[in-house]
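Q: Hi! Could you walk me through this protein, one piece at a time?
A: Happy to, let's take a look together.

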Amino acid sequence: MKTFCFKLYNSDHNNTLMRQINIAGLIFNHCIALHKRYYRLFRKYINAYQLMKHLTKLKRTKRFSYMNKLGSQAVQNIVERIDRAYNLFWSNRKRKIKSSPPKFRRVKHYQSFTLKQAGWSLNELEGRIRIGKKWYGYFKSRNIEGKVKTLTVKRDAVGDIYIYLSCEIQNKPIEPRTGKIVGFDFGLKRFLTGSDGHNIKSPYFFMLNAKQIKNKCRNLSHKQKSSHNRERARKELARAYRRMKNQRKDFHFKTARSLCKEYAVICLEDLNMKGMARRYGKKVHSSGFSEFVKILEYEAVKFGTQIVFIDRFYPSSQLCSVCGYKNSAVKDLRICEWDCPSCGTHHDRDENAAKNILMAGASAIGLELVRPVLSGKVR
Ligand SMILES: [Zn+2]
């Protein structure tokens with residue numbers, strides 16, 4: 001499966017889609033209310049089929065006739081979404097994982113609806129799509145491959161509408177190739193530190209945009225509630241956030257592609273994002289390590305690159321990459337450089353960690369790497 005995303009041209013027609021997404025939000029909330037009431041009365045759960053039947057009946061009444069403005073497949077999809085959320089909740093409860101059932105959402109924050117085969121058609125040549133009865137133009141940024149399975153109409157906080165076409169593609173299986181192997185350590189000073197000295201600088205998008213966002217936040221807070229000016233300020237802020245998000249995504253994709261092109265095996269640490277954010281603060285989220293790992297895994301499939309994750313509890317930064325001595329003093333994050341008490345080698349914290357990650361990763365896939373012979377900076 002591959003998903004193609006296109007932005008719609010801005011036009012008055014888009015209001016129809018906005019209204020339809022609002023209706024989807026209303027139906028979502030109605031279903032949640034039904035679920036809650038049913039459970040309170042009968043201690044039972046409504047299955048998707050029953051709920052769908054009930055909604056079909058409701059549509060015929062005058063009070064709920066607005067539901068007809070949304071395609072029936074979109075309604076079915078909402079029911080499926082809720083069903084999935086409830087099933088996840090039940091299974092989490094069984095496994096004693098703390099979670100909550102799906103909640104009511106504010107209609108204006110409800111984002112999307114999904115259609116399957118019916119209710120829309122695509123004119124790829126002209127870059128136009130029909131949703132319901134109206135035609136919309138979209139920015140034809142690329143060609144669609146494969147057979148389109150579903151269409152999702154989604155709006156963002158700025159008020160632009162995007163279409164997501166999920167297509168079925170026969171992926172050719174790519175053989176894992178042979179070549180260079182590398183270990184990478186994530187850091188804040190440097191985004192990635194390579195075991196072979198290939199370092200990638202941290203982009204600090206958040207820092208660059210922080211001033212702008214700060215100003216826009218203040219602007220928003222000074223505006224009167226529910227005024228037009230406030231709405232405009234809100235959009236400005238949302239736009240700034242969107243720009244930052246896009247810059248980050250672009251950086252991630254470019255980095256991932258170039259790494260996958262260069263290396264046949266990439267070893268990484270399995271990250272514990274929540275713990276890291278608690279220790280380092282907001283910057284962890286702004287550099288988006290976990291998103292980067294996802295993108296790297298996606299690109300690796302295309303290039304036949306193998307990604308090896310080493311155990312989260314492997315003390316990669318504490319071990320000496322030359323002699324294997326474990327120096328617990330390095331646990332302190334403020335230490336950037338240290339000397340090994342056993343063999344005296346001078347280490348850069350991140351580079352040393354990257355070398356250890358490389359060795360652990362190599363042994364995980366059955367490669368035997370010899371620790372480098374004592375040489376160079378021995379005192
Ligand atoms: Zn040592």
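**A serine in a loop**

A: Ser317 is buried, because its relative accessible area is 18% (buried means under 20%, exposed over 50% and partly exposed in between, using a 1.4 Å probe and protein chains only).

Q: Where is the place of Ser317?
A: Ser317 is in the loop between strand 12 (306-310) and strand 13 (337-339). Helices (H or I, at least four residues) and strands (E, at least two) are DSSP runs, numbered from the N terminus.

Q: And what is Ser317 in contact with?
A: Leaving aside neighbours within four places in sequence, Ser317 is in contact with Val330, Trp338, Arg349, Asn352 and Ala353. Contact means heavy atoms within 4.5 Å.

Q: Before we go on, what kind of model is this?
A: This is a predicted model, where local features need pLDDT of at least 70, side-chain atom pairs count only at pLDDT 80 or more, and totals for chains, interfaces and linings use all residues. Residues are numbered from 1 along each chain as its sequence is written, and side-chain values use heavy atoms, with hydrogens and water left out.

Q: What is the mean pLDDT of the protein?
A: The mean is 85, and 92% of the residues reach 70 or more. pLDDT is the predictor's confidence in each residue, from 0 to 100.

Q: Which elements have the lowest and highest mean pLDDT?
A: Helix 7 (residues 283-287) has the lowest, at 61, and helix 1 has the highest, at 93. Over residues 373-379, pLDDT stays under 50. For that stretch the model has nine contacts beyond four places in sequence.

Q: OK, big picture: how many helices and strands?
A: The protein has nine helices and 14 strands. Its C-alpha trace spans about 85 × 50 × 45 Å along the principal axes, and 41% of the 379 residues count as buried.

Q: Back to helix 1: at what angle does helix 1 pack with helix 2?
A: Helix 1 (residues 14-42) and helix 2 (residues 48-60) pack at about 120 degrees, with their axes 12 Å apart. That makes helix 1 oblique to helix 2. Axes are lines fitted to C-alpha atoms, for helices over the stretch in contact, and angles run from 0 to 180 degrees between N-to-C directions. Under 35 degrees counts as roughly parallel, over 145 as roughly antiparallel, 65 to 115 as roughly perpendicular and the rest as oblique.

Q: Which residues make the contact?
A: Helix 1 brings Ile27, His30, Cys31, Leu34 and His35, while helix 2 brings Leu51, His54, Leu55 and Leu58.

Q: New topic: is Lys154 buried, exposed or partly exposed?
A: Lys154 is partly exposed, because its relative accessible area is 30%. Lys154 sits in strand 6 (residues 147-155).

Q: How far apart are Lys154 and Phe113?
A: They are 41 residues apart in sequence and 6.8 Å apart in space, C-alpha to C-alpha. Beyond neighbours within four places in sequence, the contacts of Lys154 include Gln111, Ser112 and Tyr164.

Q: Last one: what is phi of Lys96?
A: Phi of Lys96 is near 60 degrees, a positive value in a residue other than glycine. Most residues other than glycine have a negative phi. Lys96 lies in the loop between helix 3 (72-94) and strand 2 (112-115), and Lys96 is exposed, with a relative accessible area of 77%.
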